[in-house]
Amino acid sequence: MSTSKKQVILGAYLGGVNHHTAWWDPRAGSQIEFDSFEHTARTAERGKFDFFFLAEGLALRERAGQIFDQDIIGRPDTFTVLASLAAVTNHLGLAGTINATFNEPYELARQFASLDQLSGGRAAWNVVTSFDAFTGQNFRRGGFLDHSQRYERAEETLAAVRRLWDSWRSDDVVADKDSGRFLGRPDAGTFDYHGSQFDIRGRFTVPRSPQGSPVVLQAGVSPQGRDFAAGNADAIFSPYGKLPEAAEFYRDIKARAVSFGRSADDIKILPSASFVLGDTETEAWEKYREIRNQQVTGQTALILLEQIWNRDLSAFDPEGPVPDLDPDPDAPPIIQGRAFTYQDRFETVATLRAVSEEKKLTLRETVIEQFERGPIVGTAAQVAGKIDSFVQNDGSDGFIIGSHLVPSGLDEFVDHVVPLLQDRGVLRTEYTGTTLRDNLGLPVPRDRTAAAAQA
């Protein structure tokens, strides 16, 4: 662990593609109207957060062919939302999840470069992959991409996108009114990329990013995914919210980055977290139990287990025992479009049964015990202390914070926890940088085109 005090990176997410967001709460606002996105972004900027993060679902998820209403339906296009937020914020980074499997490099490069120009250097791309045929039905690829090929395509997609971003040098736009000379060189924007996935050439239309290039985010847990992130990403989402496994993941990713010739500080580790505050610790835990029971209804518990069993479990009582029948991995998927899969259904079922029997839990209670992401619970001082301690002990470089209540839930964190983090000297009181890279403490990417011209 470093002897100097690390600054805490904070991102804000607005939930919606899972059951954690309590849209049915009387205090909840719209999941799709611009006011909700604007409120969350403005609140995050008021709290001196680094960025706003938007996840994306490319297909409406289904159970037995019917949409189920745990998910949010009708979320607007990511680029449209982020571009709109650029107009109502001044410092906040704008991070969007865009799939590398179903999109082409030229359009990806142009969309993110445009967002970066319009926002003054605040754009970030969360690169995700997919081998999900159900989602792919909406795209030209027809849903087919072998699991083993998803990172191959992602590597090439990102490499091609960066080639386009680098096709403009930082000094290419001269715009000299006296001489009438606009371009610094006649071949600005020229690119030529050849690989196993793409064979493209032409002229890129958007000049170099104000921050060198948009920030790249990624999530990877498998060895292949970790290597992809360590070699390419500026930040990686961590699935670990508890020490020591979080610290081991942190060390592993940083070491992999160094093995790729990078500095360990060139990649940031960021788990997501929700929070529950109370005037006392007891009150906070009581609130947490109420929220947890509200999020995991009987119907929700059954649907979550159907993903594992791959069977219709609607006949089972959520307040009864865990189902005693075996999963059916060979049947057509009863749940379509979920963001995760289980590698060994039988092993997972055995674990659930063992936990249920040992702790005398009902089906619904077992789901809560095993599948709910534990929020940071306590008084404002306790939550600030837990965040600070986790970061200083190299569990992460910060957190991406969200709330079950949209859009006003983040206000409580900004009003009560942020001032305490600032008092500890681990969170800025004012923005000092002008771009997202500045605020994250990331290096500006080398201007490869200029470097090649000087060689």
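Mentor: One term before we start: a contact means heavy atoms within 4.5 Å. This is a predicted model, where local features need pLDDT of at least 70, side-chain atom pairs count only at pLDDT 80 or more, and totals for chains, interfaces and linings use all residues. Residues are numbered from 1 along each chain as its sequence is written, and side-chain values use heavy atoms, with hydrogens and water left out.

Trainee: What covers the buried residues of α13?
Mentor: The cover includes β1 (9-13), α1 (34-46), β14 (275-277), α12 (380-392), β17 (398-401) and α14 (418-423). Helices (H or I, at least four residues) and strands (E, at least two) are DSSP runs, numbered from the N terminus.

Trainee: And which residues of α13 are buried?
Mentor: In helix α13 (residues 409-416) they are Gly409, Leu410, Asp411, Phe413 and Val414. Buried means under 20% relative accessible area, exposed means over 50%, and partly exposed is in between, with a 1.4 Å probe and protein chains only.

Trainee: Which ring cluster has Phe413 in it?
Mentor: Ring pairs join Phe413 with Phe49 and Phe275. Rings of Phe, Tyr and Trp (its six-membered ring) pair if their centres lie within 6.5 Å; planes under 30 degrees apart count as stacked, over 60 as edge-to-face and the rest as tilted.

Trainee: How many aromatic pairs are there in the whole structure?
Mentor: The search finds 12. In one of them, the ring centres of Tyr106 and Phe191 are 6.2 Å apart with the planes at 35°, so that pair is tilted.

Trainee: What about Phe390 and Phe399?
Mentor: They form a tilted aromatic pair, 5.2 Å centre to centre with 45° between the planes. Both Phe390 and Phe399 are buried.

Trainee: Changing topic, how many helices and strands does the protein have?
Mentor: It has 16 helices and 17 strands. The radius of gyration is 23 Å, close to the 23 Å from the globule rule for 455 residues, so the protein is as compact as a globular protein of that length. That radius is taken over C-alpha atoms, and the rule is 2.2 Å times the number of residues to the power 0.38.

Trainee: How much of the protein is buried?
Mentor: Buried residues make up 54% of the 455.
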